[in-house]
Amino acid sequence: MAKAGPEGLITALDIGSSKVSAMIAQKGDGGELIVLGTGQRESKGIKRGCIADMGATEVAVREAVEQAERIAQTNIENVWVGFSAGGLVSDVASIEFEMGGHRIEQSDIDALLRAGRESIDPAGRMVLHAQPALYTLDGITGVKNPLGLHADRLGVHIHVVAADGSPVRNIGLCVAKSHLEVKSIIAAPVATGLACLSAEERELGTALVEMGAGITNVSLFAGGMLVGLTTIQMGAADITDDIASTFGASRGQAERMKCFHGCANATPRDNHDVIEITPLSEDGAGEGPRITKAQLIAVIRTRLEVLMGEIGKALTAMKFDGNVGRQVVLTGGGAELKGIADYAQSALGRSVRVGRPRGLTGLPDAHSGPAFATLAGLVHHAATDPIDLRALSHADHQVVHRPSPFSMVKRLIRTAKANY
């Protein structure tokens, strides 16, 4: 019989277009994060990251959480939920106070953060994150803790992530109908960055490409925070659909063909390897078509060419060049396709690696791949318990500067490199 959860328990819930997954973890005595249980169910009610069938999604959430509870032998009451649907935007606001050369006290920092709360302008969207990233002293960026220092001007960069309100509310409603309390809804790129990128990669400039089933999120990290974000309405499930429609296979069989025989790169041998396709007729009578592995790979590469083109455009729009960084990290279920890193490196002209979750003890092999990076990242995010300016009271007087989302990227990169 499951027992009540102990103190310090963290439960993460990732509701994606192909699967709903849950993870229960606990912080150890040495600060390590220990996985106690995991659960997973097929997602049937999610389209492009948004809930399209509340009932089906609710069932999947309940079953995934119950499976994790059985393995962990504990009951949980609240969850940290990931959100990856379109409409996500990232912005940075800069706030400054005149200090007159005085020594900075905790009350000054508190007043600055309250002022930061008032600077948030989500433009009609729902704010998911509003966190202080780096402080500035007399215009110098990169100060992590200004307490006790003297300055004429004290400032802070506020990292804000917002999303369209309705999809976020639907996620919260679904979790509530599953008899769980939402601790917080976290933007998937923020969580995934914690799981897949080192602190130095987040400082010096790295692009994170999350290839989910229904959507692909392209985000840029610099100066230790998320500074750019673009959502592409295309994902790994589109490759599956292309295979199914081209060869007359069911979606289930097309997914298996992609996973077991698919690859992003072709070899001469692929022209001789034959794959048999089960006919779509209800009784399964008759002989299905036979294709070569080369034909399958050609279909996969056609879709990848389109997707990589969109990713390249997103990186260019975010000014991701040699001055900001060249490393690209692929994650998400789509990153499990064989040869995807080499293909992306050639298509994007940048160094590419596949990002897998790190920093968790006892993580099962089945949940250690890139498809579960967001789930692991939610645990990391919950464990850090970052300051959220939305919880602070109002402030009266502040000087607010609102740069464009990417105007400070190169300045943050220069600061980070100087610190190293």
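Predicted model: local features only at pLDDT ≥ 70, side-chain atom pairs only at ≥ 80, totals over all residues.
Rolling a probe the size of a water molecule over the atoms shows where empty space is left. The largest pocket has a volume of about 1400 Å³. Its lining counts 50 residues, and the closest to the centre are Ser-17, Ser-18, Lys-19, Ala-213 and Ala-237. Which element gives the largest share of the lining? That is helix 6, with six residues. By class, the lining of the largest pocket has 16 nonpolar, 19 polar and 15 charged residues.

Now the second largest pocket. About 760 Å³ of space lies in it. Here 22 residues form the lining, with Gln-131, Pro-132, Ala-133, Gly-224 and Pro-386 the closest to the centre. Strand 10 (126-137), helix 4, helix 5 (199-204), strand 16 (225-232) and helix 10 each give two or more residues. Strand 10 provides the largest share, five residues.

On to the helices. Two packed helices are described by the angle between their axes and the distance between the axes.

Take helix 1 (residues 54-72) and helix 3 (residues 165-177). Their axes come within 9 Å and cross at roughly 55°. Helix 1 and helix 3 are therefore oblique to each other. The crossing is right-handed. Who makes the contact? From helix 1, Met-54, Thr-57, Glu-58, Val-61 and Arg-62. From helix 3, Asn-170, Leu-173, Cys-174 and Lys-177. That contact has four nonpolar, two polar and three charged residues.

The other pair is helix 8 (residues 293-317) and helix 9 (residues 340-348). Here the axes come within 10 Å, crossing at roughly 55°. So helix 8 is oblique to helix 9. Helix 8 passes helix 9 in a right-handed crossing. On the helix 8 side, the contact is made by Arg-301, Leu-304, Glu-305, Met-308, Ile-311, Gly-312 and Leu-315. Helix 9 brings Ile-340, Tyr-343, Ala-344, Ala-347 and Leu-348. By class, this contact of helix 8 with helix 9 has nine nonpolar residues, one polar and two charged.

Terms used: Residues numbered from 1 in each chain as written. Heavy atoms only, no water. Axes fitted to C-alpha atoms, helices over the stretch in contact; angles between N-to-C directions. Helix = DSSP H or I, 4+ residues; strand = E, 2+ residues; numbered from the N terminus. Parallel < 35°, antiparallel > 145°, perpendicular 65-115°, else oblique. Left-handed = near helix turned anticlockwise from the far one by under 90°. Contact = heavy atoms within 4.5 Å. Nonpolar A, V, L, I, M, F, W, Y, C, P; charged D, E, K, R; others polar. 1 Å grid on protein atoms, 1.4 Å probe; cavity = no way out; pocket = protein on both sides within 12 Å on 5 of 7 lines; lining within 4 Å. Points joined across faces, edges and corners; volume = space filled by probe spheres on them.
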